Amino acid sequence: MGGGALAELPDALARTGCKHPLIITDRVMDELGYLSRVKGLLEQAGLASGIFLDTVPEPTVACVEAGLSVYRTDQFDGLVALGGGSAIDTAKAMSARLATDIPMHALKVPHIITHKGPPVFAIPTTAGTGSEVTRVTVITDGTTDEKMLCMGPGLMPAAAIVDYELTLTVPPRTTADTGIDSLTHAIEAYVSRKANAFSDQQALGAMRLIAANIRTAFHNPDNHAAREAMMAGATLAGMAFSNASVALVHGMSRPIGAFFHVPHGLSNAMLLPAITRWSIPGAPARYAECARAMGVVSADLEDEAACTKLVDELMALNEELCVPAMSEYGLDEERYHALLETMAEQAAASGSPANNPRPPSQADMVALYREVWA
Ligand SMILES: [Fe+2]
């Protein structure tokens, strides 16, 4: 963890005995020169590596299978994932597929991935999904447009190399989307029905770091202190939700991403204020604590007022970070409304809504989807 941590990649490989990794990344990482830096570090350590450059945003089963066909062309013994959540999620899914013969669509929840495949060395370049420290991957089934949630200890990377210097080139839109995704992880982990004393500290720590720095990182991309805090916050938030699960925002966000190709963090951002407002009656003391951790209210303000301020802050944050309304983003209104029931069914099937402090019915989710369109 920290600036320059990337240099520790060869040590991390050596500790697991990995000698011939396949690097899972994309063309942007190549253009930014990050791929050649990773290749160079491995070469200096006497390690030959292969490259799979074709990961896609919101990765699909086809992308995972394409990566596997490259992996099988040589005697690779590990996966170095370099990029945002998409590259890391792809590498984790590849590892899970290599551990067993089970096809990708059968690995989604309620299946639990326990077998360990080849080790994954995760190098996030956004702050972020936290995927580098979670036992979760999300892969889209291209035939049904379903974002499949896959979970289990077999998905945990062998090592996470969290170097905030790799985020200095991230453009403001992505900084905002991934930052709000991290904030959502922290809030949802804290209010989740699966929250515990351990995940609570990770979630509160993440909220403090992210809330205090997200605006600066958005407006001043080269601010090292803000980038470093955002990276630490994103990784902490990842640990928090890996231990306590996400809830209704993520449950309802995945179908929007799958059907309308809205980036994951952005669809979370579009949903977060309204779903938080709806969920507060299920855990007002917990949401009030979120407002306090985020520095939105003083420590002694009572819960009800603190919860109101929390929703105000989430709306203000969306406005400052230029999060568009769904209609402004170009979603087809007719198709959106035709898919309400299907999206709510897929949300429920992922299991995430059941972790919400106020569990929703199918009708509640449909009503919330309608509300956020308006
Ligand atoms: Fe997320």
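The following legends describe close-up views of a predicted model.

**Figure 1. Buried residues of helix α3.** Helix α3 spans residues 34-44, and within the helix Y34, L35, V38, L41 and L42 are buried. These residues cover an arc of only 130° around the axis, which places them on the same side of α3. E43 and Q44, on the other side of α3, are exposed.

**Figure 2. Surroundings and end of helix α3.** After α3 comes G46, which has a positive phi, near 80°.

Figure 3. Four residues coordinate the iron ion at 2.1 to 2.2 Å: D181 through OD, and H185, H250 and H264 each through NE2. The angles subtended by the four donor atoms around the iron ion run from 85 to 169°, and the arrangement is therefore irregular. A tetrahedral assignment would require all angles to lie between 85 and 135 degrees.

**Figure 4. Donor residues of the iron ion in sequence and in the fold.** The spacing of the donor residues along the sequence is D-x3-H-x64-H-x13-H. H185 belongs to helix α6 (residues 172-191), whereas H250 belongs to helix α9 (residues 248-260), so this pair ties together parts that are 65 residues apart in sequence. H185 and H250 are both buried.

Notes
Residues numbered from 1 in each chain as written. Predicted model: local features only at pLDDT ≥ 70, side-chain atom pairs only at ≥ 80, totals over all residues. Heavy atoms only, no water. Buried < 20%, exposed > 50% of the residue type's maximum accessible area, 1.4 Å probe, protein only. Helix = DSSP H or I, 4+ residues; strand = E, 2+ residues; numbered from the N terminus. Arc of directions from axis to C-beta. Donors = N, O, S within 2.8 Å, 3.2 Å for Na, K, Ca; no water. Tetrahedral: all angles 85-135°; square planar, octahedral: opposite > 155°, others 65-115°.
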